[in-house]
Every structure is written in structure tokens, then in C-alpha cells.
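Here's a quick briefing on the local geometry and side-chain contacts worth a look before you set anything up. Have the viewer open and follow along.

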Amino acid sequence: MSRDTQFVDGRGQYRNEYVAALAATSSLVASVACAGWSSPALPALRGPNSPIPITPDEGSWIVSLLSIGAIFGPIICGLFVDRYGRKPVLLFSAIPLVAGWLFIVFAESVGMLYAARLLHGIGYGLAYSITPIYLGEVSSDAVRGSTGVLVTVMAKLAFLFEYSVGPYVGFRALAWISLALPVGFLALFFWMPETPYFLLARNNKKAAAESLRWLRRRTSIDEELGRMEKLVLESKQRGGNPLKQLLLTPSNKKSLVIILLLSLGMQLTGINAILGYSQTIFSRLALPLTAAELSIVLALVQLGSVMLPTFLVDRAGRRPLLLASTAGSFIGLATCAVYFTLDETTTDVLSPEPGAAHGWIPFGGVLLFIITFAIGLATVPFAILGEVFPKHIKAAANTVFAVITSAVVFSVVKLFQVISDGAGTYVSFWIFTGCTAVTGVLIYFIIPETKGQSFERIQEMMMRRGRTNETARDDVKGRPLIRTPHLIAPTIVVLMLLLLIPTSSEVEIDCNSLRMGQFICPDPALRQIDPKTQQLRGCTPENKARVWCIAAEGIVCSETKNTSFTREMPCKWTNGYHFDTALLLSVFLGMFGADRFYLGYPAIGLLKFCTLGFMFLGQLVDVILIATQVVGPADGSAYIIPYYGPVITVVRSDNWTYRLPQDNW
């Protein structure tokens with residue numbers, strides 16, 4: 001028996017394929033860790049010892065900007081993946097991840113955190129767009145299913161990593177530790193080969209043969225290489241603009257509607273908001289376990305749950321799994337919604353004591369939601385995505401799917417914090433519950449069953465143009481294949497989107513009309529003093545500055561829809577003139593008029609220079625006037641004085657300072 005035959009028949013014949021798959025999917029550990037980072041990071045940023053104090057609104061931007069950045073990932077993938085190759089572009093996805101973690105390590109402002117999250121989003125979107133393409137082109141038919149499962153497993157490992165490490169290390173230490181993930185991916189994946197399909201598309205048959213020979217661990221690869229060449233040639237012959245074919249071909253448009261429904265449905269359940277704010281949500285539960293420990297349990301359950309669809313999707317079918325998934329998700333979310341409604345609107349129903357029996361009810365609801373979401377909504381849409389589109393436009397369909405998903409994720413994650421602060425957490429959960437119910441109805445009417453159907457049969461189903469209230473049926477078994485009511489689907493989609501509109505059970509007021517004691521201004525949790533001027537940031541020449549204030553609990557401000565609002569406060573406008581510099585110039589160089597030149601009085605400075613400071617008498621007068629701050633900068637601004645320096649405020653008689661005579665005077 002030859003060495004090559006031993007490789008084919010032995011247990012290790014797929015070893016190199018698994019090595020390449022693990023190296024490629026390590027990019028998902030590095031990128032999805034960015035999504036899991038917000039759960040332990042937000043409590044640290046909003047805590048009393050925060051390195052960068054943030055408001056709830058800023059926290060929602062930190063979480064949701066990842067999704068904005070992720071929109072650009074598929075676009076970059078579509079532009080460069082067929083030009084430069086799968087491997088170089090996937091390696092490049094680690095660069096914005098590394099840059100983002102470095103931004104967080106050295107961040108001194110919320111703006112740097114925003115920039116880091118946008119960079120993370122770009123790397124996240126790139127990794128999620130390219131990794132499935134790479135896996136599909138390097139894996140043989142026998143292991144393509146198991147390597148595909150690695151995409152979801154590695155993503156859940158990333159959440160488990162961040163949830164387990166984040167609560168027990170410092171904010172910047174977590175960033176340093178997370179930085180090791182993209183660096184490790186670069187070190188692993190750098191040695192992996194380019195895909196044979198791309199090399200054949202670039203007419204480099206020799207390199208394609210070497211890549212395939214390493215992946216299959218055998219030398220007799222001529223037959224498989226020939227099949228690959230045929231597929232590449234067919235793809236080139238079809239030509240045309242894939243995006244144009246996706247949007248204009250009737251069968252593809254029907255497939256696109258199905259994918260858009262699944263994309264909207266899976267994200268409007270609130271999965272990303274619940275995972276991103278898990279510690280914040282669990283901190284409200286009266287349980288003996290801490291919020292960090294509950295998040296770790298959640299991550300472990302999530303990791304185990306994603307294994308289930310591997311064994312069920314080809315046995316139970318797509319539609320049954322999707323319907324069961326939406327039903328279970330609906331029950332779990334409704335349980336949480338009821339609990340938080342009672343918790344936030346009543347005072348005598350739930351006990352606040354840790355360890356109370358009812359405290360486990362919402363946590364159990366979240367676990368039920370996570371498990372049932374995993375068996376259908378989390379994985380089946382990706383299987384259907386690969387079945388309902390022809391091969392030559394799958395990349396374009398994947399790009400559209402990823403862009404729309406990222407946009408919906410941003411909306412859901414951003415609105416979750418806004419609605420929770422403005423109306424209550426229970427309102428967010430009721431919205432997620434309603435969207436899940438609508439998703440189940442749409443799945444029942446629209447999604448076809450593709451289990452056991454050949455690719456040609458599925459394409460035939462997509463080409464059928466059903467009439468109103470008619471159902472395309474299988475010619476042999478007579479069971480429904482696809483249902484496309486013309487009026488029901490659009491109506492329910494509109495209702496689903498309307499559920500995202502924030503509602504509030506509280507009366508909104510203009511917080512600038514609040515009385516003393518109803519607010520704190522400026523908000524002590526924020527650094528609103530500029531260390532360079534020791535004045536409020538944004539102080540104008542009118543000696544006014546708008547600062548962030550915080551209203552008392554239970555008050556919702558109409559301008560921000562939460563407890564934060566801006567208010568105009570008095571300040572001293574500075575324009576770069578330092579008190580210590582002016583005084584030193586007056587004492588040592590006042591006879592030459594240096595102090596007056598510095599403060600913007602050139603005429604008096606020139607007069608002092610010509611008269612030697614009025615024979616030193618004028619110098620002495622100016623020293624007194626500047627020391628007492630009677631003379632200031634000519635432009636009317638105030639001196640820049642260190643917080644420990646002498647600050648003089650002239651108090652003049654007005655309606656606020658006038659002393660009224662008292663009877664005992």
C-alpha cells in the first residue's frame with residue numbers, strides 16, 4: 001500500500017483541512033470577542049471608578065457602533081475578495097481589530113472608544129463575510145458540514161471568553177488580553193494556503209494543485225482538480241453583474257424576500273441586545289449569583305445549544321425548526337417581559353431579597369430563549385441562504401444579507417438602551433416578544449421547506465409565480481412548498497417595524513424647567529471640566545456653557561428620552577492668557593511693558609517701554625492691578641488659573657446680591 005493510499009484511507013486524511021478550518025475560524029473568535037466585550041465593559045465604564053465615565057446614551061452608542069462598522073465589512077469583501085484572494089483579505093481583517101484594541105488601551109475619551117468600536121465592526125464584518133467562503137472552498141464534501149459548524153461554535157467561544165475574563169480584570173487589562181486574539185489568528189492563519197478555487201480563477205493551476213495536494217494530504221488530485229476547473233469555467237461563462245441578477249431576476253427576488261424576512265426576524269428577537277447588555281440586565285435580578293456569573297452560565301448554555309442544529313436540521317426539516325424556534329423564543333421573551341413589568345410597575349408583588357424563588361424565572365426565560373433561538377433562528381437562515389440562490393450570485397446575496405443584518409442589529413441595540421431608559425426594560429422585552437410572534441406568522445406563510453429537495457427542484461420552486469391565496473404544492477406528495485400571499489406579508493412586515501417605535505408609560509417633560517432638588521447639574525459622573533482651562537468645556541465668549549445634567553429617578557427628559565439633559569451654566573471664557581505668566585511678566589519685565597503687550601494693550605505697553613514703566617511707578621501699579629485681576633486680557637476673556645490658584649470674582653449689586661434691611665439692624 002502506498003503512502004498516498006494510507007493518507008486517503010487513514011483517520012488523519014482530513015487533518016490538514018481541519019487545521020485550515022480552525023485557523024480560519026479563529027478569526028471569528030477574535031472578531032466576535034469585540035461583540036462580547038461590551039457586556040463586562042459597560043458596568044466598568046458606568047461604575048464609580050470608571051476610567052472614562054459615560055452616560056447611558058453613550059453606552060448605547062459604544063455597543064451599537066460595532067454594527068455600523070460591520071456594514072462596511074461585506075462591502076470591502078465584495079470589492080477585494082475576488083481580486084486579491086481569500087487569504088490576504090481574511091488576514092487584513094485582523095488589522096482593524098488590533099487597531100481597535102489599541103485605541104481602547106490608550107483611550108482617554110469617549111470619542112476614542114467610538115473609533116475603536118467602528119474599527120472592530122469593520123474587522124467583524126470582514127471576518128464573517130470571508131470565513132464561510134474560505135471554508136467552503138478548502139473543505140471536501142465529507143467534512144464540509146462539520147467545518148461549517150465551527151463558524152457558530154467559535155463565535156460562541158468568543159462570548160464565553162469575554163464573559164469569563166472580563167469581570168475579573170481591569171478595563172484596560174481586558175483590552176490587552178483581547179488584543180492577543182487577533183494577533184494569535186495572524187500567527188496561525190499566515191501559514192495556511194490560498195483556496196484552490198481562487199487560484200484556478202487566477203489561472204494559476206500549479207499553485208492550485210499544490211494547495212489541494214496539501215489540504216487532501218495526497219498526490220492523486222487530478223480528478224478533483226478537474227471538477228474544480230469545470231465549476232470555475234461555468235461561473236466565468238455565466239458572467240454578468242451578480243448584484244443586478246439578484247435584484248432583477250424574478251426567482252432571485254423571491255429568494256431575496258425570504259432571506260430578508262429571516263434576517264429581520266432573527267435580529268428583531270433582540271438577541272444581540274440581550275447578549276450585549278447581559279450583565280446590565282442580570283444585575284436587576286435578585287439572585288445569589290452575581291451578574292458576571294450569570295453571564296458565564298448564559299455563555300456556556302449558548303455554546304452547547306449551537307451544537308443541536310447539526311443533528312436536527314437534516315432530520316426535522318427547515319420549517320419545523322424555524323417554527324419551534326420562534327415559539328420557544330416567544331415563550332422565553334414573554335416570561336422576561338412579564339417579570340420586568342411586575343418588577344418595574346409594582347412594589348408588593350416581587351420580593352427584592354437575593355435568592356428569592358421568582359428571581360430564577362427571568363433567568364430561566366433568557367436561557368429558554370437562547371436555547372430555542374439556537375436550534376432554528378440562529379442557524380437555519382444560513383442553511384437556506386446557501387440553498388435558494390444559484391452559486392454564481394451567492395456572494396452577492398451574502399453581502400446583501402450581511403449589510404441588512406448589520407443595519408438591523410444597530411437599530412435594535414441602539415434602541416434597546418434608549419427604550420429601557422425612557423420607558424423601562426419591560427417595554428423592550430415586550431417589543432422583542434411581539435416581533436418574535438410576527439416572525440413566526442411570516443415564517444408559516446412564506447418560508448418553503450427545502451429538506452430533501454435537490455438544488456434544481458429548489459430553483460424550480462423559486463421560479464413559480466403563485467397567485468393570491470394559492471399555494472405551490474409538491475407534485476408527488478401534495479404538501480405545501482412555498483406560500484406567498486401578496487397582502488398579508490407586507491402588512492405584517494410593516495407591523496413588525498412599527499413595534500420598534502419607542503413607547504413610554506411616563507410623561508415626558510422639559511428638564512430645563514426642573515426645580516432645585518430635581519436634578520444634579522453638572523452630572524458628577526462625567527468629566528466636564530477642561531483641564532487646560534479649569535472651566536466647563538465649550539465655554540463661549542458670552543460666559544455660558546451647555547453641560548450634561550442628570551434628572552432625579554423617574555423623570556424622563558423630552559429632549560433625550562432618558563434622564564440626561566443639557567443645561568446652560570455660567571462659566572469664565574478663557575482665550576489662552578495665563579494669570580501666572582502675566583504676573584511674572586509684570587514683576588520682572590513690567591518696566592518694558594511686556595505685561596501689557598502680552599495682555600493685548602500694545603499702546604500702553606509701548607508707552608511703558610519708552611518711559612521705563614513711568615519710571616517704575618507704572619510698573620508697580622500694574623503689578624497690583626494684575627495681581628488683583630482688575631486688569632485682565634484686552635479681549636474680555638478671563639485668566640487661565642490653576643484650580644489651586646487665586647480666583648477673584650467681582651460681585652456687583654443686583655437682584656440676587658442686594659442686601660435687604662432686617663428688623664434687628
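A disulfide here is a pair of cysteine sulfur atoms within 2.5 Å. Cys521 and Cys549 pass that test, with their sulfur atoms 1.8 Å apart. Keep in mind that this is a predicted model. By the same rule, the count comes to 2 disulfides.

**Disulfides and cysteines**

- Cys521 sits in the loop between E4 and E5 and Cys549 in strand E7, so their bond ties together parts that are 28 residues apart in sequence.
- The link of Cys539 and Cys571 is right-handed, with 95° about the S-S bond, and both cysteines are buried.
- Two further cysteines are worth a glance for burial: Cys34 has a relative accessible area of 0% and is buried, and Cys77 counts as buried at 4%.

- Most residues other than glycine have a negative phi, and most peptide bonds are trans.
- The peptide bond from Cys521 to Pro522 is cis, with omega near 0°.
- Pro522 belongs to the loop between strand E4 (519-520) and strand E5 (529-530).
- Asn543 isn't a glycine, yet it has a positive phi of about 60°.
- You'll find Asn543 in the loop between strand E6 (535-536) and strand E7 (544-551), where it counts as partly exposed at 34% relative accessibility.
- Met615 isn't a glycine either, and its phi is positive at about 55°.
- Met615 is in helix H27 (residues 602-615), and at 61% relative accessibility it counts as exposed.

**Aromatic pairs**

- The count of aromatic pairs comes to 19.
- One of them is Phe519 with Phe565, an edge-to-face pair at 6.0 Å centre to centre and 75° between the planes.
- Phe519 lies in strand E4 and Phe565 in strand E9, so the pair ties together parts that are 46 residues apart in sequence.
- Why does Tyr577 count as buried? Its relative accessible area is 19%, and the cut-off for buried is under 20%.
- Tyr598, at 23% relative accessibility, counts as partly exposed.
- Ring pairs also join Tyr339, Phe340, Phe429 and Phe432 into a cluster.

**Charges over rings**

- Lys87 has its charged end over the ring of Phe190, 5.6 Å from the ring's centre.
- Arg596 puts its charged end over the ring of Tyr601, 5.1 Å from that ring's centre.

Conventions
Residues numbered from 1 in each chain as written. Predicted model: local features only at pLDDT ≥ 70, side-chain atom pairs only at ≥ 80, totals over all residues. Heavy atoms only, no water. Helix = DSSP H or I, 4+ residues; strand = E, 2+ residues; numbered from the N terminus. Buried < 20%, exposed > 50% of the residue type's maximum accessible area, 1.4 Å probe, protein only. Phe/Tyr/Trp six-rings, centres within 6.5 Å; stacked < 30°, edge-to-face > 60°. Lys NZ or Arg CZ within 6 Å of the ring centre and 35° of its normal.
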